[in-house]
Amino acid sequence: MKIIHSPRHLGHSGHVELMNGQVVPAFEKPERVAMILNAVGERPFGTLIEPAAHGLDPLLKVHEEAYVRFLASAWQMWTADGRDFPALPSFWRAPGMRTDLEPESIDGKLGHFSFDAGCCMVAGTWDAVQAGADSALTGVDLMAGGEKSAFALCRPPGHHAHAATMGGYCFINNAAVAAQAFRDLGAARVAILDVDYHHGNGTQAIFYDRPDVLVCNIHADPAQEFPYFLGYTDETGAGAGEGFNANFPLRWGTDYAGWGAALDTACTRIADYGPDVVIVSLGVDTYKDDPISQFKLDSPDYLKIGARIAALDRPTLFVMEGGYAVEAIGINVANTLEGFLQR
Ligand SMILES: [Zn+2]
(Lines give C-alpha, C1' and ligand atoms only; values in the text may rest on other atoms or scores of the structure.)
Protein backbone atom coordinates (compact mmCIF):
# COMPACT_ATOMS: atom_id res chain seq x y z
CA MET A 1 0.00 0.00 0.00
CA LYS A 2 1.32 3.42 -0.97
CA ILE A 3 1.21 6.04 1.76
CA ILE A 4 0.89 9.53 0.31
CA HIS A 5 2.14 12.32 2.46
CA SER A 6 3.72 15.76 2.26
CA PRO A 7 5.96 17.39 4.89
CA ARG A 8 4.25 20.65 3.93
CA HIS A 9 1.66 19.85 6.61
CA LEU A 10 4.26 21.20 9.05
CA GLY A 11 3.38 24.72 7.90
CA HIS A 12 0.09 24.36 9.75
CA SER A 13 1.41 24.65 13.30
CA GLY A 14 1.27 27.01 16.24
CA HIS A 15 -2.48 27.43 15.81
CA VAL A 16 -5.00 27.63 18.62
CA GLU A 17 -8.61 26.75 19.33
CA LEU A 18 -11.36 27.77 21.69
CA MET A 19 -12.08 25.12 24.33
CA ASN A 20 -14.04 25.48 27.53
CA GLY A 21 -14.17 29.20 26.86
CA GLN A 22 -10.40 29.52 26.70
CA VAL A 23 -7.95 29.89 23.83
CA VAL A 24 -5.63 26.87 23.98
CA PRO A 25 -3.09 25.22 21.64
CA ALA A 26 -5.01 23.17 19.08
CA PHE A 27 -5.28 19.44 19.74
CA GLU A 28 -4.88 19.00 15.99
CA LYS A 29 -1.10 19.38 15.78
CA PRO A 30 1.85 18.24 13.61
CA GLU A 31 3.01 15.61 16.13
CA ARG A 32 0.00 13.50 15.16
CA VAL A 33 1.48 12.82 11.75
CA ALA A 34 4.97 12.15 13.10
CA MET A 35 3.52 9.38 15.28
CA ILE A 36 1.63 7.86 12.37
CA LEU A 37 4.71 7.90 10.14
CA ASN A 38 6.74 6.22 12.89
CA ALA A 39 4.16 3.50 13.44
CA VAL A 40 3.52 2.65 9.81
CA GLY A 41 7.26 2.81 9.14
CA GLU A 42 7.79 0.00 11.61
CA ARG A 43 5.52 -2.34 9.66
CA PRO A 44 5.90 -3.71 6.13
CA PHE A 45 3.16 -1.64 4.56
CA GLY A 46 4.81 -0.35 1.47
CA THR A 47 6.27 2.93 0.43
CA LEU A 48 5.89 6.54 1.39
CA ILE A 49 5.46 8.89 -1.55
CA GLU A 50 4.89 12.61 -1.93
CA PRO A 51 1.73 13.90 -3.62
CA ALA A 52 1.65 15.37 -7.10
CA ALA A 53 0.28 18.87 -7.52
CA HIS A 54 -3.28 18.90 -8.88
CA GLY A 55 -4.11 22.60 -8.71
CA LEU A 56 -7.41 24.05 -7.58
CA ASP A 57 -9.75 22.64 -10.23
CA PRO A 58 -10.50 19.35 -8.40
CA LEU A 59 -11.19 21.30 -5.19
CA LEU A 60 -13.61 23.58 -7.03
CA LYS A 61 -15.69 20.54 -8.03
CA VAL A 62 -16.97 20.28 -4.44
CA HIS A 63 -16.14 23.68 -2.94
CA GLU A 64 -17.48 27.09 -3.93
CA GLU A 65 -15.07 29.38 -5.73
CA ALA A 66 -15.54 32.29 -3.29
CA TYR A 67 -14.67 29.98 -0.40
CA VAL A 68 -11.49 28.68 -2.01
CA ARG A 69 -10.51 32.25 -2.89
CA PHE A 70 -11.05 33.19 0.77
CA LEU A 71 -8.87 30.30 2.01
CA ALA A 72 -6.10 31.28 -0.39
CA SER A 73 -6.09 34.93 0.66
CA ALA A 74 -7.17 34.87 4.32
CA TRP A 75 -3.73 34.94 5.92
CA GLN A 76 -2.58 37.83 3.74
CA MET A 77 -5.72 39.80 4.58
CA TRP A 78 -5.45 39.03 8.29
CA THR A 79 -1.83 40.17 8.52
CA ALA A 80 -2.50 43.25 6.35
CA ASP A 81 -4.29 44.63 9.38
CA GLY A 82 -1.00 44.38 11.27
CA ARG A 83 -1.84 41.21 13.17
CA ASP A 84 1.07 38.80 13.56
CA PHE A 85 -0.78 36.07 15.49
CA PRO A 86 -3.06 33.22 14.35
CA ALA A 87 -6.36 34.11 12.69
CA LEU A 88 -9.42 32.79 14.52
CA PRO A 89 -13.06 33.39 13.56
CA SER A 90 -15.19 34.96 16.27
CA PHE A 91 -18.30 36.39 14.59
CA TRP A 92 -21.18 34.35 13.21
CA ARG A 93 -24.62 35.11 11.87
CA ALA A 94 -27.84 34.26 13.64
CA PRO A 95 -30.92 32.96 11.80
CA GLY A 96 -32.55 35.90 10.07
CA MET A 97 -29.29 37.64 9.18
CA ARG A 98 -28.02 37.93 5.61
CA THR A 99 -26.30 34.86 4.18
CA ASP A 100 -25.96 36.10 0.60
CA LEU A 101 -23.31 38.76 1.13
CA GLU A 102 -19.60 38.13 1.69
CA PRO A 103 -18.25 40.91 3.92
CA GLU A 104 -15.22 42.89 2.73
CA SER A 105 -13.56 42.72 6.16
CA ILE A 106 -11.40 39.68 6.89
CA ASP A 107 -13.08 39.40 10.30
CA GLY A 108 -16.43 39.25 8.57
CA LYS A 109 -15.15 36.78 5.98
CA LEU A 110 -13.81 34.48 8.70
CA GLY A 111 -17.30 34.27 10.17
CA HIS A 112 -19.02 34.07 6.79
CA PHE A 113 -16.98 31.01 5.79
CA SER A 114 -16.92 29.10 9.12
CA PHE A 115 -19.28 27.44 11.58
CA ASP A 116 -17.04 27.47 14.65
CA ALA A 117 -13.70 28.65 16.04
CA GLY A 118 -12.10 25.31 15.19
CA CYS A 119 -10.30 26.49 12.08
CA CYS A 120 -7.41 28.70 13.05
CA MET A 121 -5.13 29.89 10.26
CA VAL A 122 -1.41 30.60 10.30
CA ALA A 123 1.07 31.51 7.55
CA GLY A 124 1.47 27.93 6.30
CA THR A 125 -2.12 26.76 6.65
CA TRP A 126 -3.25 27.13 3.04
CA ASP A 127 -0.12 25.44 1.71
CA ALA A 128 -0.63 22.52 4.12
CA VAL A 129 -4.29 22.27 3.15
CA GLN A 130 -3.41 22.12 -0.54
CA ALA A 131 -0.79 19.44 0.10
CA GLY A 132 -3.39 17.42 1.98
CA ALA A 133 -5.88 17.62 -0.87
CA ASP A 134 -3.13 16.71 -3.32
CA SER A 135 -2.38 13.65 -1.18
CA ALA A 136 -5.97 12.45 -1.48
CA LEU A 137 -5.98 13.15 -5.23
CA THR A 138 -2.70 11.31 -5.69
CA GLY A 139 -4.33 8.35 -3.95
CA VAL A 140 -7.11 8.52 -6.52
CA ASP A 141 -4.54 8.58 -9.33
CA LEU A 142 -2.76 5.53 -7.94
CA MET A 143 -5.97 3.57 -7.73
CA ALA A 144 -7.08 4.69 -11.18
CA GLY A 145 -3.75 3.20 -12.26
CA GLY A 146 -4.62 -0.17 -10.77
CA GLU A 147 -3.62 -0.05 -7.08
CA LYS A 148 -6.20 -1.83 -4.92
CA SER A 149 -5.75 0.52 -1.99
CA ALA A 150 -3.88 3.60 -0.80
CA PHE A 151 -3.55 5.71 2.32
CA ALA A 152 -3.66 9.50 2.00
CA LEU A 153 -2.05 10.78 5.17
CA CYS A 154 -3.68 14.20 5.01
CA ARG A 155 -3.28 16.91 7.59
CA PRO A 156 -5.23 18.98 8.44
CA PRO A 157 -8.29 16.70 8.24
CA GLY A 158 -11.27 17.41 5.99
CA HIS A 159 -14.60 15.80 6.83
CA HIS A 160 -16.13 18.77 8.70
CA ALA A 161 -15.59 21.15 5.75
CA HIS A 162 -18.73 22.00 3.77
CA ALA A 163 -18.82 23.39 0.23
CA ALA A 164 -18.26 26.92 1.53
CA THR A 165 -17.68 26.52 5.26
CA MET A 166 -14.69 25.54 7.36
CA GLY A 167 -14.93 24.12 10.87
CA GLY A 168 -13.66 21.46 13.25
CA TYR A 169 -10.01 21.73 12.08
CA CYS A 170 -11.13 21.15 8.45
CA PHE A 171 -10.68 23.50 5.48
CA ILE A 172 -10.88 21.41 2.30
CA ASN A 173 -12.88 18.17 2.40
CA ASN A 174 -10.23 15.74 1.18
CA ALA A 175 -12.55 12.71 1.12
CA ALA A 176 -15.18 14.62 -0.85
CA VAL A 177 -12.59 15.91 -3.30
CA ALA A 178 -11.36 12.34 -3.78
CA ALA A 179 -14.91 10.99 -4.22
CA GLN A 180 -15.64 13.55 -6.91
CA ALA A 181 -12.33 12.77 -8.62
CA PHE A 182 -13.23 9.07 -8.72
CA ARG A 183 -16.58 9.99 -10.28
CA ASP A 184 -14.89 12.16 -12.87
CA LEU A 185 -12.57 9.27 -13.73
CA GLY A 186 -15.55 7.05 -14.47
CA ALA A 187 -16.60 5.41 -11.21
CA ALA A 188 -20.39 5.11 -11.28
CA ARG A 189 -20.84 4.77 -7.53
CA VAL A 190 -18.59 5.81 -4.66
CA ALA A 191 -19.18 4.97 -1.01
CA ILE A 192 -17.68 7.03 1.80
CA LEU A 193 -17.41 5.29 5.17
CA ASP A 194 -16.63 7.83 7.89
CA VAL A 195 -15.37 6.11 11.05
CA ASP A 196 -14.10 9.23 12.81
CA TYR A 197 -15.52 9.82 16.31
CA HIS A 198 -17.20 13.00 15.09
CA HIS A 199 -19.93 13.15 12.48
CA GLY A 200 -18.59 14.09 9.05
CA ASN A 201 -21.07 16.89 8.59
CA GLY A 202 -19.28 18.44 5.63
CA THR A 203 -19.13 15.21 3.66
CA GLN A 204 -22.79 14.52 4.35
CA ALA A 205 -23.82 18.02 3.26
CA ILE A 206 -21.75 17.99 0.06
CA PHE A 207 -23.36 14.79 -1.23
CA TYR A 208 -26.74 15.04 0.50
CA ASP A 209 -28.81 15.35 -2.67
CA ARG A 210 -26.79 12.92 -4.79
CA PRO A 211 -27.33 9.17 -5.32
CA ASP A 212 -23.88 8.61 -6.86
CA VAL A 213 -22.02 8.97 -3.56
CA LEU A 214 -23.31 6.96 -0.59
CA VAL A 215 -22.21 8.48 2.71
CA CYS A 216 -22.22 6.35 5.89
CA ASN A 217 -21.20 7.91 9.20
CA ILE A 218 -20.51 6.16 12.53
CA HIS A 219 -20.04 8.78 15.20
CA ALA A 220 -20.85 10.19 18.62
CA ASP A 221 -24.48 11.20 19.04
CA PRO A 222 -24.69 14.88 18.03
CA ALA A 223 -27.14 15.43 20.88
CA GLN A 224 -24.07 15.00 23.10
CA GLU A 225 -21.14 15.86 20.87
CA PHE A 226 -19.70 18.20 18.24
CA PRO A 227 -20.79 19.05 15.56
CA TYR A 228 -24.14 19.07 17.46
CA PHE A 229 -26.30 20.31 14.57
CA LEU A 230 -26.02 17.45 12.09
CA GLY A 231 -25.57 13.68 12.25
CA TYR A 232 -28.96 12.34 13.38
CA THR A 233 -30.56 9.14 12.09
CA ASP A 234 -33.41 10.90 10.27
CA GLU A 235 -30.95 12.58 7.88
CA THR A 236 -31.26 10.13 5.00
CA GLY A 237 -30.59 12.34 1.97
CA ALA A 238 -32.75 14.68 -0.10
CA GLY A 239 -34.25 14.68 -3.59
CA ALA A 240 -32.34 12.31 -5.84
CA GLY A 241 -30.06 11.61 -2.87
CA GLU A 242 -32.88 10.33 -0.66
CA GLY A 243 -31.77 7.02 0.85
CA PHE A 244 -28.07 7.58 0.12
CA ASN A 245 -27.02 9.02 3.46
CA ALA A 246 -26.89 6.88 6.60
CA ASN A 247 -26.00 8.01 10.10
CA PHE A 248 -25.12 5.72 12.99
CA PRO A 249 -24.92 7.94 16.10
CA LEU A 250 -23.73 6.21 19.26
CA ARG A 251 -23.81 7.38 22.86
CA TRP A 252 -20.78 8.43 24.87
CA GLY A 253 -19.05 5.43 26.42
CA THR A 254 -19.68 3.11 23.46
CA ASP A 255 -17.11 0.29 23.28
CA TYR A 256 -16.26 -1.99 20.37
CA ALA A 257 -19.27 -4.24 20.96
CA GLY A 258 -21.63 -1.42 20.07
CA TRP A 259 -19.34 0.33 17.64
CA GLY A 260 -18.48 -2.83 15.72
CA ALA A 261 -22.19 -3.68 15.35
CA ALA A 262 -22.74 -0.27 13.75
CA LEU A 263 -19.77 -0.86 11.47
CA ASP A 264 -21.24 -4.18 10.42
CA THR A 265 -24.57 -2.54 9.55
CA ALA A 266 -22.84 0.26 7.65
CA CYS A 267 -20.69 -2.22 5.72
CA THR A 268 -23.75 -4.27 4.79
CA ARG A 269 -25.34 -1.10 3.52
CA ILE A 270 -22.24 -0.33 1.44
CA ALA A 271 -22.06 -3.87 0.05
CA ASP A 272 -25.73 -3.59 -1.02
CA TYR A 273 -24.92 -0.32 -2.78
CA GLY A 274 -22.21 -2.02 -4.85
CA PRO A 275 -19.74 0.85 -5.07
CA ASP A 276 -16.86 0.87 -7.55
CA VAL A 277 -14.66 2.29 -4.81
CA VAL A 278 -14.80 2.87 -1.05
CA ILE A 279 -13.27 5.90 0.63
CA VAL A 280 -12.66 5.53 4.35
CA SER A 281 -12.57 8.77 6.34
CA LEU A 282 -10.16 7.34 8.88
CA GLY A 283 -10.36 9.02 12.26
CA VAL A 284 -9.02 7.17 15.28
CA ASP A 285 -10.41 9.56 17.90
CA THR A 286 -12.76 6.70 18.82
CA TYR A 287 -9.84 5.51 21.01
CA LYS A 288 -10.50 5.18 24.74
CA ASP A 289 -7.83 7.69 25.78
CA ASP A 290 -8.53 10.33 23.16
CA PRO A 291 -8.40 13.69 24.96
CA ILE A 292 -11.49 15.19 23.28
CA SER A 293 -13.64 12.07 22.75
CA GLN A 294 -15.84 9.69 24.72
CA PHE A 295 -15.77 6.28 23.03
CA LYS A 296 -13.95 3.26 24.43
CA LEU A 297 -12.26 1.51 21.52
CA ASP A 298 -8.89 -0.08 22.31
CA SER A 299 -5.90 -0.48 20.02
CA PRO A 300 -6.56 -4.15 19.00
CA ASP A 301 -10.06 -3.13 17.91
CA TYR A 302 -8.57 -1.21 14.98
CA LEU A 303 -7.30 -4.49 13.51
CA LYS A 304 -10.92 -5.65 13.42
CA ILE A 305 -12.05 -2.41 11.81
CA GLY A 306 -9.51 -2.84 9.04
CA ALA A 307 -10.49 -6.47 8.50
CA ARG A 308 -14.20 -5.63 8.30
CA ILE A 309 -13.53 -2.93 5.71
CA ALA A 310 -11.35 -5.37 3.75
CA ALA A 311 -14.24 -7.85 3.70
CA LEU A 312 -16.10 -5.41 1.44
CA ASP A 313 -13.54 -6.47 -1.16
CA ARG A 314 -13.63 -3.12 -2.94
CA PRO A 315 -10.81 -0.79 -4.05
CA THR A 316 -10.31 1.31 -0.91
CA LEU A 317 -8.77 4.72 -0.34
CA PHE A 318 -8.06 5.62 3.27
CA VAL A 319 -8.07 9.35 3.97
CA MET A 320 -6.76 10.54 7.35
CA GLU A 321 -9.17 12.50 9.51
CA GLY A 322 -9.01 12.93 13.32
CA GLY A 323 -7.31 11.27 16.30
CA TYR A 324 -5.76 13.28 19.11
CA ALA A 325 -4.30 10.78 21.56
CA VAL A 326 -0.84 11.43 20.13
CA GLU A 327 0.82 8.51 21.97
CA ALA A 328 -1.58 5.97 20.44
CA ILE A 329 -2.61 7.50 17.13
CA GLY A 330 0.19 5.81 15.19
CA ILE A 331 -0.55 2.34 16.56
CA ASN A 332 -4.27 2.73 15.93
CA VAL A 333 -3.82 3.87 12.34
CA ALA A 334 -1.23 1.18 11.66
CA ASN A 335 -3.51 -1.45 13.20
CA THR A 336 -6.38 -0.40 10.92
CA LEU A 337 -4.19 -0.68 7.82
CA GLU A 338 -2.68 -3.97 9.03
CA GLY A 339 -6.12 -5.45 9.66
CA PHE A 340 -7.15 -4.34 6.19
CA LEU A 341 -4.09 -5.73 4.43
CA GLN A 342 -3.90 -9.04 6.30
CA ARG A 343 -7.37 -10.21 5.61
ZN1 LIG B 1 -12.96 13.59 14.94
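## Strands and the sheet

Two strands are said to pair if DSSP finds at least two bridges between them. Helices (H or I, at least four residues) and strands (E, at least two) are themselves DSSP runs, numbered from the N terminus. The model described here is predicted, so local features need pLDDT of at least 70 and side-chain atom pairs count only at pLDDT 80 or more, while totals for chains, interfaces and linings use all residues. Residues are numbered from 1 along each chain as its sequence is written, and side-chain values use heavy atoms, with hydrogens and water left out.

Eight strands form an open sheet with parallel pairing, in the order E4-E1-E5-E10-E9-E6-E7-E8. At its edges stand strand E4 (48–49) and strand E8 (245–250), each of which pairs on one side only. Strand E7 (residues 213–220) runs parallel to E8 and is joined to E8 by six bridges. Across from Pro 249 in E8 stands His 219.

## Salt bridges

A salt bridge is counted where a side-chain nitrogen of Lys or Arg lies within 4 Å of a carboxyl oxygen of Asp or Glu. By this rule the model has 16 salt bridges. One of them joins Lys 61 and Asp 184, at 2.9 Å from N to O. This pair links distant parts of the chain, 123 residues apart: Lys 61 is in the loop between helix H2 (57–60) and helix H3 (65–80), and Asp 184 is in helix H6 (residues 174–184). Lys 61 is partly exposed at 49%, and Asp 184 is partly exposed at 43%.

Asp 107 and Arg 83 form another salt bridge, with their closest N and O atoms 3.0 Å apart. Because Asp 107 lies in helix H4 (residues 106–112) and Arg 83 in the loop between H3 and H4, the pair ties together parts that are 24 residues apart in sequence. Asp 107 is partly exposed, at 22%, whereas Arg 83 is buried, at 17%. In helix H9 (residues 301–310), Asp 301 and Lys 304 are three residues apart, or about one helical turn, and their side chains meet in a salt bridge of 3.2 Å, N to O. Asp 301 is buried at 10%, whereas Lys 304 is partly exposed at 42%. A network of salt bridges also links Glu 28, Arg 32 and Arg 155.

## The cavity

On a 1 Å grid over the protein atoms alone, a cavity is a set of points where a 1.4 Å probe fits but cannot get out; lining residues have an atom within 4 Å of a point. Grid points are joined across faces, edges and corners, and a volume is the space filled by probe spheres set on the points. The structure holds one cavity of 30 Å³ or more, and the largest cavity has a volume of about 40 Å³.

Residues lining the largest cavity include His 5, His 9, Leu 153 and Arg 155. The lining divides into four nonpolar, five polar and one charged residue. In this grouping, Ala, Val, Leu, Ile, Met, Phe, Trp, Tyr, Cys and Pro count as nonpolar, Asp, Glu, Lys and Arg as charged, and the others, Gly among them, as polar.

Key:
Buried < 20%, exposed > 50% of the residue type's maximum accessible area, 1.4 Å probe, protein only. 1 Å grid on protein atoms, 1.4 Å probe; cavity = no way out; pocket = protein on both sides within 12 Å on 5 of 7 lines; lining within 4 Å.
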